[in-house]
Amino acid sequence: LLGLDSDWDLYPWALEQGVRRFANHLTVDVICALNVSHEDSRLFVRVEGGERVITPSEFRKCEPAPDRVAMVRRNIVDLWLSIPGDYFALEASFWITTELNYASLALDEPWARIHTQSADSVTAGTKTQQGRARQFADYATFLHERQDLINCGPCISVDRMLEGIYFELVR
């Protein structure tokens with residue numbers, strides 16, 4: 001499965017590269033590649049050395065990566081279907097759960113182009129009253145349903161997510 005946001009364009013080589021990488025890296029269940037900004041061709045993150053396997057224990061110590069395009073194996077889709085909560089736009093909960101349980105391969109190659117100024121993206125929608133209500137509902141669902149993540153022990157990504165929720169709610 002390859003997941004895309006509504007404001008992304010997939011490069012033609014992405015699917016073939018993902019299939020090839022999975023065939024060459026049997027111990028990983030997630031492959032993350034880069035997004036390139038449509039407006040200025042900027043990369044949001046780089047992967048030193050071209051590729052890097054990130055284990056769940058290493059993930060706990062990493063700062064959250066910006067949006068990346070990812071391809072996952074079927075077992076990850078099954079995991080996502082088992083996760084509690086119904087979210088409008090809080091897929092970080094799924095990604096954190098995944099990376100705390102499965103190894104991933106980070107690639108220093110672009111697979112998608114992202115339109116950062118897109119007016120109809122979900123992120124832009126949080127500036128409206130309806131968007132803020134959806135965001136608040138996502139936060140409430142996460143805080144209620146995902147105590148397993150909140151109490152999972154030291155994890156920088158979980159800490160940053162909780163900090164972000166807190167600061168959004170106190171505004």
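Mentor: We will talk about helices, contacts and cores.
Mentor: This is a predicted model, where local features need pLDDT of at least 70, side-chain atom pairs count only at pLDDT 80 or more, and totals for chains, interfaces and linings use all residues. Residues are numbered from 1 along each chain as its sequence is written, and side-chain values use heavy atoms, with hydrogens and water left out.

Trainee: How many helices and strands does the protein chain have?
Mentor: There are eight helices and six strands. Helices (H or I, at least four residues) and strands (E, at least two) are DSSP runs, numbered from the N terminus.

Trainee: Why are α3 and α4 called oblique to each other?
Mentor: The axes of α3 (residues 74-82) and α4 (residues 92-101) come within 10 Å and cross at roughly 125 degrees. Axes are lines fitted to C-alpha atoms, for helices over the stretch in contact, and angles run from 0 to 180 degrees between N-to-C directions. Angles under 35 degrees count as roughly parallel, over 145 as roughly antiparallel, 65 to 115 as roughly perpendicular and the rest as oblique. The two helices are therefore oblique.

Trainee: Which residues meet where α3 and α4 are in contact?
Mentor: Ile76, Leu79 and Trp80 of α3 meet Phe94, Trp95, Thr97 and Thr98 of α4; contact means heavy atoms within 4.5 Å. By class, that contact has five nonpolar, two polar and no charged residues. Ala, Val, Leu, Ile, Met, Phe, Trp, Tyr, Cys and Pro count as nonpolar, Asp, Glu, Lys and Arg as charged, and the others, Gly among them, as polar.

Trainee: What makes serine 157 buried or exposed?
Mentor: Buried means under 20% relative accessible area, exposed over 50%, and partly exposed in between (1.4 Å probe, protein chains only). Serine 157 has a relative accessible area of 4%, so this residue is buried. Serine 157 lies in helix α8 and, leaving aside neighbours within four places in sequence, is in contact with Phe59, Cys62, Pro64 and Ile96.

Trainee: What makes α4 mostly covered?
Mentor: Seven of the ten residues in α4 are buried, including Phe94, Ile96 and Leu100.

Trainee: Which residues touch the most other members of the largest nonpolar core?
Mentor: Of its 24 residues, Trp80, Ile96 and Phe142 do. A nonpolar core is a set of buried Ala, Val, Leu, Ile, Met, Phe, Trp, Tyr and Cys residues joined through side-chain atoms within 4.5 Å.
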